[in-house]
Amino acid sequence: TSTPTGEAIVVILMTMAQLENRIKSEKVRQARLQRSQEGLFNGKRPVLGYDLNPDPREAGHLEVNEAEAEIVRLAFKLYLELGSDQEVSQRLTDLGYRNKAWIQRETGDRLGGGPISASVVKTLLTSIIYIGMQNITELNETTGKKDKIQLEGCWEAIVDEDVFHIVQEARRKSLHSRHN
């Protein structure tokens with residue numbers, strides 16, 4: 001880098017590395033989009049109520065874990081009764097329920113399995129995964145902004161769609177009343 005030629009070579013190598021990184025990123029984004037359009041699950045972390053299909057040929061297909069699905073259904077029912085993430089969390093904890101536990105494939109470490117906190121309840125109650133749908137983010141070529149698109153998943157819904165939307169409306173009303 002002490003000569004102009006050496007400095008130019010370093011700049012060219014950095015530019016090529018950046019280009020390669022952007023190409024890889026675009027390929028990953030395209031693969032995720034393709035999987036989503038096929039209805040496959042793209043998440044790395046397992047979701048409470050579902051198990052990842054262990055068959056590599058069926059990767060992305062979620063299977064209902066009936067014991068956990070009952071916790072999810074109960075959370076929706078409790079929210080309609082109690083109207084608070086914190087109270088639902090406390091009730092589920094009092095009943096002895098725990099969050100999803102799993103073993104990480106790469107390391108073999110046991111993860112999750114903690115208490116069902118209010119933030120877990122919020123995530124659970126607002127996730128469209130439970131009605132058999134998924135969100136994907138797609139870049140709008142004309143505006144340059146990212147658009148959220150909902151696509152159907154290839155897994156069975158755990159929560160009735162009407163119940164899901166009733167809970168979302170109750171959450172909106174609750175949030176609105178807390179701000180005024």
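**Exercise 1.** Which residues have the most contacts inside the largest nonpolar core?

*Solution.* The model is predicted: local features need pLDDT of at least 70, side-chain atom pairs count only at pLDDT 80 or more, and totals for chains, interfaces and linings use all residues. Residues are numbered from 1 along each chain as its sequence is written, and side-chain values use heavy atoms, without hydrogens and water.

Start with the term. A nonpolar core is a set of buried Ala, Val, Leu, Ile, Met, Phe, Trp, Tyr and Cys residues joined through side-chain atoms within 4.5 Å. Buried means under 20% relative accessible area, with a 1.4 Å probe and protein chains only. The largest such core has 28 residues. Tyr-50, Val-72, Phe-76, Leu-92, Leu-124, Leu-125 and Tyr-130 have the most contacts inside it. Next, the helices (DSSP runs of H or I, at least four residues, numbered from the N terminus). H2 (66-82), H3, H4 (118-126) and H5 (161-179) each supply at least two core residues. The largest share, 7 residues, comes from H2.

**Exercise 2.** Locate the buried residues of H3.

*Solution.* H3 spans residues 85-94. Its buried residues are Asp-85, Val-88, Ser-89 and Leu-92.

**Exercise 3.** Is Asp-85 buried or exposed, and what does its side chain join?

*Solution.* Asp-85 has 17% relative accessibility, so it counts as buried. Its side chain joins that of Arg-171 in a polar contact of 2.5 Å. Such a contact is a pair of N or O atoms within 3.5 Å; within protein, one must be able to donate a hydrogen and the other to accept it, and residues adjacent in sequence count only if both atoms are side-chain atoms.

Definitions and conventions
Buried means under 20% relative accessible area, exposed over 50%, partly exposed in between (1.4 Å probe, protein chains only).
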